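Reader: I have the sequence and the model open. Please take me through them step by step.

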Amino acid sequence: MIKRVPVKRLISQLVLGLFCCGQLWVVTAAEPQYETAVDEVMDAAIADLREWITIQSITDAENSHQGDKLNQLEAVVARAEALGLAARILPEGPVAIVEMGPAKPAVGILVHADVVPAGSRTDWDAHPFSGDLRDGEIWGRGSLDDKGPLVATLYAMALANQLNSGMTRGVRMIVGSSEEDLNWGDLDAVRTAGLVPEFGWTADAAFPIINAEKSFANLVARFAPGEGETEQFRLSGGSAPNSVPDRALFEIPGAEAAQIERFEAAVADYHSRFPEIGVNHLLQSGSWQLEVSGLAAHGASPERGINAISHLVQIVAPLVDDATATGRLIGFIHQALGMETDGTTLGIARNNETMGATTVNLGVVKSSPGGIEAFFNVRAPAGLGVAAIQGRMAEAVTRHQGELRLDQAMEALYVNPDQPFIDALRQVYTEVTGEPADLRAIGGTTYAKAFPNFVAFGMAMPGDPHLGHAANERITVTSLRRGMLIYLQAILATTGIN
Ligand SMILES: [Zn+2]
């Protein structure tokens, strides 16, 4: 696909470039020479991607694929060297570093070589580690996330290295091997070695450009039984902190008739006021059970779901006291959260024009050896740090004699869009695709949070189905080629920035 750029547009870009940044890195992009260069390496790139999908560099809870991960990084290093790039593995990571041009300053490109497990084989229409090429699509785990973008970046670097003689910056591709565990401890090796670039992008999300991402914090409120305390209730629901629970169960073992009458009256009253909430109760072997059904949704947008646990708490809270651990947990949820999904009562509600509002998702309640626990996923715009969120929630939990712990967290990302490298990426994207390069804010987290001043840039196109982590993950040869073309031109444009 050869795009011709109208002269008028070229002039306006030139003017824009000069006024915006005082630099002449305007790229006339989609130039036939770049398309030809990409086409010449596509067969080799496809062959590498297909072969690398067969390397099962899986990140799992047991760390059972460390050897495969190392094999994958070694394959990247070997190919990079064969393509004329400098490459090595930092064994502490392990992380592969692939470089071209001056080592400093350098543009950074962050990708990863690990993949999530395949999941159930029966859900796949191809072997998940086959690397099959069928009807213009390359199949298998990692094809999109993130070996396809890795291959596109590697070949784009090799081409840029041949085409670009006057670069003032080098390029450093950083290939992580444990992105999928969300701890990213392997990247500490990059920091220790002083190899963090001043700016860059991750090729592990979507085009056009994501420069704002909310923070996230997975917090657990635990309520332990006191001395000699006998629990009267059971409460459970949900399966993951970042999903809105669509089912919750409350139980009173050995319930008395008068107690059952009070609870059933409360259920009937609630049902008359909120007929859309599914409520079911039954008495079985002396145990009174209440099941509430809601609507599942992603934890990043809890307002789109119906939280079964929160509704259940609304029903039973007036009838339980704080004499037991479950009662204290119910009291905490009822008073500090209610039906809110923005953390107003907790004091963590914020609303930022670019990044949106704080979201609080109560995802799971379950018994633990030390009592009963509630799992929250909180996401907040820049300006409200994880420590502040943790502090406010801990105050509320402590008022109900519980304890709060932080399981996992990452601060928000906001990259100033008024920088030459952002302008360069926007311009390249528009030139190659003909689409506007909007800056986007998301509630999720991308690999860009790993280093300061990194944005997410590709490689999925807006509207592409989300097949990463899913069955039948696959990438079209067209996407691989378009990604390589965009990255090649992005490298050429940003290595001229001084
Ligand atoms: Zn990824």
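Reader: What share of the 498 residues of the chain counts as buried?

Author: This is a predicted model, where local features need pLDDT of at least 70, side-chain atom pairs count only at pLDDT 80 or more, and totals for chains, interfaces and linings use all residues. Residues are numbered from 1 along each chain as its sequence is written. A residue is buried if 20 or more other C-beta atoms, placed from the backbone, lie within 10 Å of its own, exposed if 12 or fewer, and partly exposed in between. Of the 498 residues of the chain, the buried share is 46%.

Reader: Is phenylalanine 233 buried, exposed or partly exposed?

Author: Phenylalanine 233 sits in the loop between strand S10 (215-223) and strand S11 (234-237). Strands here are DSSP runs of E, at least two residues long, and helices are runs of H or I, at least four, both numbered from the N terminus. Phenylalanine 233 has 19 other C-beta atoms within 10 Å, so it is partly exposed.

Reader: Which residues are in contact with phenylalanine 233, leaving aside neighbours within four places in sequence?

Author: Two residues are in contact if their C-beta atoms, placed from the backbone, lie within 7 Å. With those neighbours left aside, the contacts of phenylalanine 233 are Phe250, Glu251, Ile252, Val320, Thr324, Thr326 and Gly327.

Reader: How do H6 and H7 lie to each other: parallel, antiparallel, perpendicular or oblique?

Author: Helix H6 (residues 257-273) packs on helix H7 (residues 308-316) at about 125°, with axes 9 Å apart. Axes are lines fitted to C-alpha atoms, for helices over the stretch in contact, and angles run from 0 to 180 degrees between N-to-C directions. Under 35 degrees is roughly parallel, over 145 roughly antiparallel, 65 to 115 roughly perpendicular, and the rest oblique. The angle therefore makes H6, relative to H7, oblique.

Reader: How many nonpolar residues are in the contact of H6 with H7?

Author: H6 brings Phe263, Ala266, Val267 and Tyr270, and H7 brings Gln314, Ile315 and Val316. Ala, Val, Leu, Ile, Met, Phe, Trp, Tyr, Cys and Pro count as nonpolar, Asp, Glu, Lys and Arg as charged, and the others, Gly among them, as polar. The contact has no charged residues and 1 polar, and the nonpolar count is 6.

Reader: How many residues of domain 2 are in contact with domain 1?

Author: The bounds come from an automatic or database domain assignment. Domain 1 is 7-214 + 413-494, and domain 2 is 215-408. Their C-alpha centres lie 40 Å apart. Domain 1 puts 8 residues into the contact, and the number from domain 2 is 13.
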